[in-house]
Amino acid sequence: MSVLELQEVDVFYGDFQALFEVSFKVEEGQTFACIGANGGGKSTLLRTVAGLQRPASGQVLFHGEPIDQHPAHDRVGMGIALVPEGRRVFPSLTVFENLQIGAYGGRKGEWNTDSVLELFPLLKPLVKRQASSLSGGEQQALAIGRALMANPQLLLLDEVSLGLAPVVIKRIYEAMVLLVGTGTTILVVEQDVQHVLTVADHVACFLEGRISLEGKPSELSSEAITAAYFGM
Amino acid sequence: MDWVNVAIQGILLGGLYALFATGLALVFGVMRMVNLAHGDLGILAAFVALFLFQSLHLGVMWSGLATIAIMFVVGYLLQRGLLNFTLGSDDTRPIVVTFGLSIIIQNGLIMWFSADSQGLDAGQIENISIRINDQLSIGWFPLLVFVTSIVVIALLQTFLNRTKLGRAFRATSDDREAAELMGIDNRHIYGLAMAIALAIVALAGILLAVRTTFDPTQGSFRLIFAFEAVIMGGMGSIWGTLIGAIVLGMSQTLGSQAFGSGWGLLVGHLVFLTVLAVRPSGFFAKTVTA
């Protein structure tokens, strides 16, 4: 059974339709990448899976069960955690408190403040600092660590490399490989195709709210990806 | 020595103002909502305590504690049942709704209890005082109110800083949607915030009722004082609210002493306006940049 399945999902912001009959499956242990230009509907897709956005039609299945009736705060306990676009750490809380709050509604498991700090050693000396004083890369590591504190089965990552230095992006992608090793299923959204294709075992390209191309990265030519990305 | 005496009265009065203001600051801090019925809810609590005291013959202490518990529940239900639905993109909605609530409470109280001034008789404690020297004495009751306000604020701050639920309050205040992603149900957090706010303002209303007389229309005055304390202290800082309340209390009592009774309130407002002009973000503004 797939960890996550979308069946013909339509999502609107008011009158604007952001997703058109999007369907796909994410299997256990997979790293599924959604790529595409701005406005393609990738972030909307993650927000819908996390429960911040409701589909107008179609349904979202988690381990085969429809979850559309569950609000966002329920889904964390079910095992879905989102690292939102723009990191969204809690600025007035300390780094340590940000991690603690990550475990608020989450599940029990191997991730705790110690193991997260082990994964992101750069956060160790910062635990007592206010999150607002952190650099972009540190905040991104914190946002991922915070999501891990919920011990998710399905981790949703939204544009985690955006605006970060190459060396930090490298570190974050290394961490992603480690996570897959622990059996976590990852659904990642990126504009930056290069990095994400090195870790993904399945990729879907979004164009104006529809999937324009889908498949294994090894089987897709870069010409086909470019064409799907820009809609040529 | 008169002046010292008056200044001390002002500080102690600040304790009462702080109790009225703390809940207002908490609610604003957690959900960015301005509750215009806050003062009236405090006066409502005073009447509930009076009713329990007079009609059910509970002692002052038990009437007070029961009232605080009742207002805690009322706060949660009010938030979950009504005020949560006013929150959203339009900031004016909660203001209009709580303004309406304020009118309903005031008129409801006038209907049931008449517009007469009432008092809650706590017995001897109202009159006894500590004599420091011939000119200087401090009333036990105002001192008790002041100490209570410090204890309440310290407890609230500890709750916010040290407990899991307190962290959830602060996270929700920082970023509601991100907090939801952590599994925090903001509707419940808002309910609890209002429950705590009304429990504290109930305590304030009851202490006011013991200290002096009260009537159904006093809520609006209490609200203005509370606003002034919160804004002078710096929005979002609970200890700042206490300082703001003390400054307001002292301005009022010293103003009365200097210019005659009746001028105190005006001096209080003028000091508030001066602080607003010189330091618009208040004494202890918490400016957090994401």
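Helix α3 of chain B (60-81) passes α8(B) in a right-handed crossing, a crossing being right-handed if the near helix is turned clockwise from the far one by less than a right angle, and left-handed if anticlockwise. By class, 16 nonpolar, six polar and two charged residues make up this contact. The axes of α3(B) and α8(B) (residues 186-211) lie 7 Å apart, at an angle of about 145°; axes are lines fitted to C-alpha atoms over the stretch in contact, and angles run from 0 to 180 degrees between N-to-C directions.

All this comes from a predicted model, where local features need pLDDT of at least 70, side-chain atom pairs count only at pLDDT 80 or more, and totals for chains, interfaces and linings use all residues. Residues are numbered from 1 along each chain as its sequence is written, chains are lettered from A and ligands numbered from 1 in the order in which they are written, and side-chain values use heavy atoms, leaving out hydrogens and water.

Now for α4(B), residues 92-113. Its buried residues (under 20% relative accessible area, 1.4 Å probe, protein chains only) include B:L101, B:I105 and B:L109. Seen down the helix axis, the buried residues of α4(B) fall within an arc of 165°, so they line one face; the arc is that of the directions from the axis to the C-beta atoms. They pack (heavy atoms within 4.5 Å) against α2, α3 and α9 of chain B. Turned away from that side are B:V96, B:I104 and B:M111, which are exposed (over 50%).

How values were computed
Helices (H or I, at least four residues) and strands (E, at least two) are DSSP runs, numbered from the N terminus. The expected span of a helix is 1.5 Å times one less than its number of residues. Ala, Val, Leu, Ile, Met, Phe, Trp, Tyr, Cys and Pro count as nonpolar, Asp, Glu, Lys and Arg as charged, and the others, Gly among them, as polar.
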